[in-house]
Amino acid sequence: MIYDPTSSLLLTPVDREAPERTRRLRTLGLGDRPDAGFDAFAHRLAEIFAAPYSIVNFIDENRQFFAGLHTPAGTHRGSDLTAAAAAAAGSSGGVGRIMARDHGYCPHVVVRRKALVLEDVCDYPRFAGNPVVDEIGVRSYLGAPLIDRTGMALGTVCVVDTEPRPWGRTGLENIKAMAGELVEEIHRREDGLL
């Protein structure tokens, strides 16, 4: 586990499946380049949840990669959340789709293998100290894991807001359903049906 020495709060959980997940992502050809289909999926997420940011995120041993991305400007380039994420990850240039593993809440979703609802991240001391709060302005998060047919949690789908949001039970059910839909698309790709 990674601890912040100044506060002793758990920041990022230990991810014992990361090496196996990295191999699976490579086999599937995921997690290392933007994907127009995943960008379109992220746009649908943003519309369904009326959220300014939405992400299809694959997580390997060292980083998070936003293979699908929607921002308030409707862009998929290094602006808004992605530029802040790139700066936080120490990345220079590029499209800003990479984020460090210790930033954000998706690594928690992957390790827990369960959806996570944070209507106001500041209500949870464990999550309020995450770098995305101060560096990017994240105040609300809703995410679900992408668990494939092998039982591997490949990453997440999530929606993010800079204001507290009452996602509620309906939001939780919807994000889980959207994760299931995307996993089926990944399976169709793997089977050569897309």
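A cavity is a set of points, on a 1 Å grid over the protein atoms alone, where a 1.4 Å probe fits but cannot get out; lining residues have an atom within 4 Å of a point. The model is predicted: local features need pLDDT of at least 70, side-chain atom pairs count only at pLDDT 80 or more, and totals for chains, interfaces and linings use all residues. Residues are numbered from 1 along each chain as its sequence is written, and side-chain values use heavy atoms, without hydrogens and water.

The largest cavity has a volume of about 130 Å³, a volume being the space filled by probe spheres set on grid points joined across faces, edges and corners. Of its 15 lining residues, Ile55, Met99, Gly104, Tyr105 and Val160 are the closest to the centre.

Helix 2 (residues 36-49) and helix 7 (residues 168-190) pack at about 165 degrees, with axes 12 Å apart. Axes are lines fitted to C-alpha atoms, for helices over the stretch in contact, and angles run from 0 to 180 degrees between N-to-C directions. The two helices are therefore roughly antiparallel (over 145 degrees). Helices are DSSP runs of H or I with at least four residues, numbered from the N terminus. Contact (heavy atoms within 4.5 Å) involves, among others, Phe38 and Phe41 of helix 2 and Ile175 and Met178 of helix 7.

Ala, Val, Leu, Ile, Met, Phe, Trp, Tyr, Cys and Pro count as nonpolar, Asp, Glu, Lys and Arg as charged, and the others, Gly among them, as polar.

| Residue set | Composition |
|---|---|
| Lining of the largest cavity | twelve nonpolar, three polar, no charged residues |
| Contact of helix 2 with helix 7 | nine nonpolar, three polar, four charged residues |

Methods
Parallel < 35°, antiparallel > 145°, perpendicular 65-115°, else oblique. 1 Å grid on protein atoms, 1.4 Å probe; cavity = no way out; pocket = protein on both sides within 12 Å on 5 of 7 lines; lining within 4 Å.
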